[in-house]
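Biologist: I am new to this structure and would like a close look at a single part. Please take the place where two chains meet.

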Amino acid sequence: MQLQDKHRIAILSAYALALHGFESLLPTPIPWLKLGLANIITLVALVLYGFRTALMVTLIRVVLASIFIGTFLGPAFILSTGGGLASVVAMGLSIKYFNKVFGTVGLSLIGALFHNIAQLSLAYYFFIQRIEAVLIISPVILLIGSLTGIVNGIISDILIKNLLKKDTGKLQNVLHKIT
Amino acid sequence: MMMLKTYYCFFLFICLLLGSCSSNKLSTYRKSRALMDTFVTVTVVADSQEAADKAIEWAFEVIGKYGNLINFFSDTSELSAINRSAGIHEVRVSPETLDTIDRAVFVSEKSGGAFDPTIGPEIKLWDFIKKVKPSDLEIRSNLPLVNYKNIVIDKGKSTVFLKKKNMLLDLGGIAKGYAADLAVQALKQKGIASGLVAIAGDIKAFGLKPDNKPWVVGIKNPRQKSSDDEIIAKVSLSDKAISTSGDYERYFIMDGQRFHHLLVPATGQPANSCQSVSVIADKGVMTDGFDNAIFILGPEKGLELAREMGLDAMIIDAEGTIHTTPGLQGKLIIERNH
Amino acid sequence: MKETIRNTTLADRLLFLFLVSLSVAGIFLARDALSQGSDVIIEVDGKPAYTLPLNVSRLLSVDGPYGPTVVEIEGGKVRVKETHCRNQICVREGWVSRGVIVCLPNKLVIMVGGGNKRQEQGIDAITG
């Protein structure tokens, strides 16, 4: 991996961590309301720099965040990792096989969807054995996920466009249609 | 324009999808009613509330009509007509009444008199609500009236005759099971493929639930102390009936002794070798009659009778020990603390 | 931001619509499943006459062939406070938090919640 890539990953991970940390400071009256701001970084990385970069950024963010907060290898870590992985893989596959079908917002929705599905499944399998409880809260979680997915998607899109404006050389590297 | 059309079609598609999800799905419907002087619950698996209601109402009607035929406490029932004419003349009865009495005699014969529907005169001496216990003299003097062999059934004329005056036929120990059989038949007539009829504790289940699992029936703990303690065992039933006789259904305690309604026909005294007996068989009329008989006979002879008749039984004896027929091994789930 | 919204593809919008409708439908379904809470259902002559929540204290008088039956709900339990029928079996039942109280002469059936616990144990009926 080139030094440039490593720098990129490091910086992106830093941003992702920062966003994650910022988000955890926000007061949450509703327990399942996760804004998933760090996913913006993942999505931007995916679109501009490719799957590998996005994957690394996600993994680094999830692991470091859990170490800092102190939940490493705990249940929260399992859920974060599962969700993050599912999300980035789903988005990556969508870009690869459905290249001009979804826009940034759509990708963000897909990422959010698979993130939630993975988390709900993991939560059921490992922690909450009662399927009724999981089935009852999943619609709410999916709804919230869809809404935050839209918002994150819009923000990601703006970021991507701004970053592209700054460096027109990157146009060739952009893996999917956004204009 | 293309955009709008696409959206519209998509929207319709979603509605269709969501709409079709609810109908044509098999669900369980349940209704209860007070019939035959007890609490009856009918549960069916159907694809709509309407279909379920029709079937359940028909089952209730059938149970109600049958209940009126064999009601011991009603002056207008066929059973009362038979009792009034005891020692006088025979009485013409409906096929269901005749069949019930015939089955009752069958159970009496096979159990060597441990079950005897002519126990009426003895039962009448007791009042479990007002705690009235008859004297030994009263009990003894009515014993000659208790003998199922004095029931004369003429199938050709469809009549029943009680030979001795003052004999009283009481079908309470077998009628609910018979009614459950009738009710299940009624449900099947209305196209129901799976359901459960519970007439108090006499239950018949047929078919499988929507999740393709059999119906599960809980057996009451005869010495229940708290609401967590209600069920002592669970059993899965596919196309089987189950009935239970227990010393806790109608009883009172006097001077530390329990007096209950399951009287030994030979002595007129409450049987004391069991706390409860549950019998499983293909038909409700068999389970209802034989659970009484096995209760009276006690664990050893009771299990023998069960084996002979090809029934499964779970006996909780006077000390609380559970005995079962070998056929129940693996099908019975006994709750944790027992 | 407006530009971004205009730039969303058809697939984007359809996906959003689909997810939102699915989750909203799911919420209603979940709400139905949950609303089988604790109610007191009073049936007269086989027909539901009253449905009342178990958690609201009150007295209710139900008419029947043998006179009025006074039903009392308090502290999450129900009882038949008074009747004019002979045996008073229903009154003697006392307070019930789940299960059934029956007054046969008055053709009155009082059913309390109860379905939940039984369903948890996976039991469809009880014999005995």
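Which residue in strand 8 of chain C is the bridge partner of Gly218(B)?

Modeller: This is a predicted model, in which local features need pLDDT of at least 70, side-chain atom pairs count only at pLDDT 80 or more, and totals for chains, interfaces and linings use all residues. Residues are numbered from 1 along each chain as its sequence is written, and chains are lettered from A and ligands numbered from 1 in the order in which they are written.

The partner of Gly218(B) is Ile126(C). Strand 8 of chain B, residues 215–220, runs parallel to strand 8 of chain C, and 3 bridges join the two. Strands are DSSP runs of E with at least two residues, helices are runs of H or I with at least four, and both are numbered from the N terminus. Two strands count as paired if DSSP finds at least two bridges between them.

The contact as a whole draws 23 residues from chain C and 30 residues from chain B; two residues are in contact if their C-beta atoms, placed from the backbone, lie within 7 Å. On the chain C side, two or more residues each come from helix 2 (10–34), strand 6 (99–103), strand 7 (108–112) and strand 8 (125–127). Helix 2 of chain C supplies the largest share, 6 residues. By class, this side of chain C holds 14 nonpolar, 7 polar and 2 charged residues. Here Ala, Val, Leu, Ile, Met, Phe, Trp, Tyr, Cys and Pro count as nonpolar, Asp, Glu, Lys and Arg as charged, and the others, Gly among them, as polar.
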